[in-house]
Amino acid sequence: MRAALHDTFGDPTIVLHGGDVPTPQPGAGEVRIRTVLAPIHNHDLWTVRGKYGYKPTLPAVGGSEATGVIDALGEGVQGLAVGQRVSAASVHGTWAEHFLAPAKMVIPMPDAIDDETAAQLIAMPLSALMLLEFLQVREGQWILQNAANGAVGKALAMLSKARGVHCVNLVRRDAGVAEMEALGIDNTISTAQSDWMAQVQTRLAGGSIAAAVDSVGGRASSELMTLLGDGGTLVSFGSMTGEPMQLNSGDVIFKQATVKGFWGSKVSQAMAPDDKRRLVGELLQLAARGGLSLPVDGVFGLDEVAAAAAASLEPGRNGKVLLRP
């Protein structure tokens with residue numbers, strides 16, 4: 001079968017290429033899925049670089065999420081059928097004509113959810129929903145996030161709104177405000193404005209930030225901590241700058257703040273199956289009724305994977321870059 005793979009770790013725009021690999025055969029408890037669309041996530045590109053928490057054996061087929069149609073069942077699989085339209089995330093090798101997934105990781109997709117949404121519905125939105133639960137915030141409380149126009153940031157803003165949680169969304173470009181508003185996301189503020197911190201306080205209208213999500217690192221961590229309310233929680237979700245978090249010890253001490261790290265993979269593994277089913281059900285219902293907008297910036301073929309990676313790395317993207325076999 002055709003696949004998008006890499007023989008070495010390195011710059012995704014250089015090392016990724018199309019190639020032929022054996023079609024995988026499902027083992028016990030697995031299904032084989034014929035890929036329809038697969039997204040390119042940031043963590044996929046970090047995996048290609050060899051700098052993520054998971055390091056595949058080379059040569060490796062990229063990708064960790066996709067939507068498609070089951071075309072083979074492994075021994076002992078029940079509750080799923082050949083021909084069934086499904087999605088799967090937290091798997092490996094989805095940038096290919098076929099991929100394998102544990103049956104327990106496969107989620108049937110209702111007809112009301114289109115392929116472009118189904119392809120990216122699980123990994124980032126589910127991470128955002130698990131993150132929202134991790135923050136332990138209640139209806140009516142305020143949260144704050146930077147890098148809000150990323151995939152998880154947009155999903156977190158939409159999911160917060162659906163749950164009645166107020167979310168202030170920080171973006172780094174003035175144009176990002178209009179982009180977020182076009183998706184129905186309000187309370188977006190550009191940090192390119194010199195008075196952006198004062199703008200945050202104005203939006204709060206006397207309220208306080210119960211939790212903040214930092215996806216940038218460096219000085220941005222300190223800025224979020226400054227805006228955090230007493231007894232609040234700062235969660236490190238990522239580090240776009242690659243810099244260590246900078247925190248003012250006075251803010252941490254006098255606010256009695258809590259600082260935590262969040263890695264969706266670890267949180268997902270520790271989550272009770274009933275809780276995970278509840279969250280997935282919430283996502284499916286929200287997406288089916290149009291309450292979760294997941295735009296697509298471009299669709300590329302497997303042999304165009306290097307160009308697709310470059311497109312995915314472009315600043316100011318309005319949506320996900322997808323691969324179609």
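Q: What makes lysine 260 a residue that lies over the face of phenylalanine 134?
A: In this predicted model, lysine 260 is 5.2 Å from the ring centre of phenylalanine 134. The distance cut-off is 6 Å, and the charge must also be within 35 degrees of the ring normal. Lysine 260 is listed as lying over the face.

Q: Which lysine lies over the face of phenylalanine 9?
A: Lysine 55 does, at 5.1 Å from the ring centre. That value is also within the 6 Å limit.

Q: How many aromatic pairs does a search of the whole structure find?
A: The search finds 3.

Q: Why is the pair of tyrosine 52 and tryptophan 263 called edge-to-face?
A: The ring centres are 6.1 Å apart and the planes stand at 90°. Rings pair if their centres lie within 6.5 Å, and planes over 60 degrees apart count as edge-to-face. Tyrosine 52 and tryptophan 263 pass both tests, so the label holds.

Q: How do you know that this pair ties together parts apart in sequence?
A: Tyrosine 52 sits in the loop between helix 2 and strand 4. Tryptophan 263 sits in the loop between strand 14 and helix 10. The two parts are 211 residues apart in sequence.

Q: Why do tyrosine 52 and tryptophan 263 count as partly exposed?
A: Tyrosine 52 has 32% relative accessibility, and tryptophan 263 has 34%. Buried means under 20% and exposed means over 50%. Both values fall in between, so both residues are partly exposed.

Q: Why is the pair of phenylalanine 134 and phenylalanine 262 edge-to-face?
A: The centres are 5.2 Å apart and the planes are at 70°. The angle is over 60 degrees, so the pair is edge-to-face.

Q: What makes this a link between distant parts of the chain?
A: Phenylalanine 134 is in helix 4, while phenylalanine 262 is in the loop between strand 14 and helix 10. They are 128 residues apart.

Q: Are phenylalanine 134 and phenylalanine 262 buried or partly exposed?
A: Phenylalanine 134 has a relative accessible area of 24%, so it is partly exposed. Phenylalanine 262 has 6%, which is under the 20% limit, so it is buried.

Q: Which residues do ring pairs link into a cluster?
A: Phe134, Phe237 and Phe262 form the cluster.

Q: Why are helix 4 and helix 11 called oblique to each other?
A: Two packed helices are described by the angle and the distance between their axes. The axes of helix 4 and helix 11 come within 10 Å and cross at roughly 120°. Roughly perpendicular ends at 115 degrees, and roughly antiparallel means over 145. The angle falls between those limits, so helix 4 and helix 11 are oblique. Their crossing is right-handed.

Q: Which residues in helix 4 and helix 11 meet?
A: Helix 4 brings Pro125, Leu126, Leu129, Met130 and Glu133. Helix 11 brings Arg278, Leu279, Val280, Glu282 and Leu283.

Q: What is omega for the peptide bond from leucine 58 to proline 59?
A: Omega is near -10°, and the bond is cis. Proline 59 is in the loop between helix 2 and strand 4.

Q: What is the phi of glutamine 136 and of alanine 205?
A: Glutamine 136 has a positive phi of about 55°, although it is not a glycine. Alanine 205, also not a glycine, has a positive phi near 50°. Glutamine 136 is in the loop between helix 4 and strand 9. Alanine 205 is in the loop between helix 7 and strand 12.

Q: Why are glutamine 136 and alanine 205 called exposed?
A: Their relative accessible areas are 65% for glutamine 136 and 68% for alanine 205. Exposed means over 50%, so both qualify.

Q: How do you know that serine 160 is buried?
A: Serine 160 has a relative accessible area of 0%, and the limit is under 20%, so it is buried. Serine 160 lies in helix 5. Beyond four places in sequence, it touches Leu132, Ile143, Val165 and Cys167.

Key. Residues are numbered from 1 along each chain as its sequence is written. This is a predicted model: local features need pLDDT of at least 70, side-chain atom pairs count only at pLDDT 80 or more; totals for chains, interfaces and linings use all residues. Side-chain values use heavy atoms; hydrogens and water are left out. Rings of Phe, Tyr and Trp (its six-membered ring) pair if their centres lie within 6.5 Å; planes under 30 degrees apart count as stacked, over 60 as edge-to-face and the rest as tilted. Helices (H or I, at least four residues) and strands (E, at least two) are DSSP runs, numbered from the N terminus. Buried means under 20% relative accessible area, exposed over 50%, partly exposed in between (1.4 Å probe, protein chains only). Axes are lines fitted to C-alpha atoms, for helices over the stretch in contact, and angles run from 0 to 180 degrees between N-to-C directions. Angles under 35 degrees count as roughly parallel, over 145 as roughly antiparallel, 65 to 115 as roughly perpendicular and the rest as oblique. A crossing is left-handed if the near helix is turned anticlockwise from the far one by less than a right angle, and right-handed if clockwise. Contact means heavy atoms within 4.5 Å.
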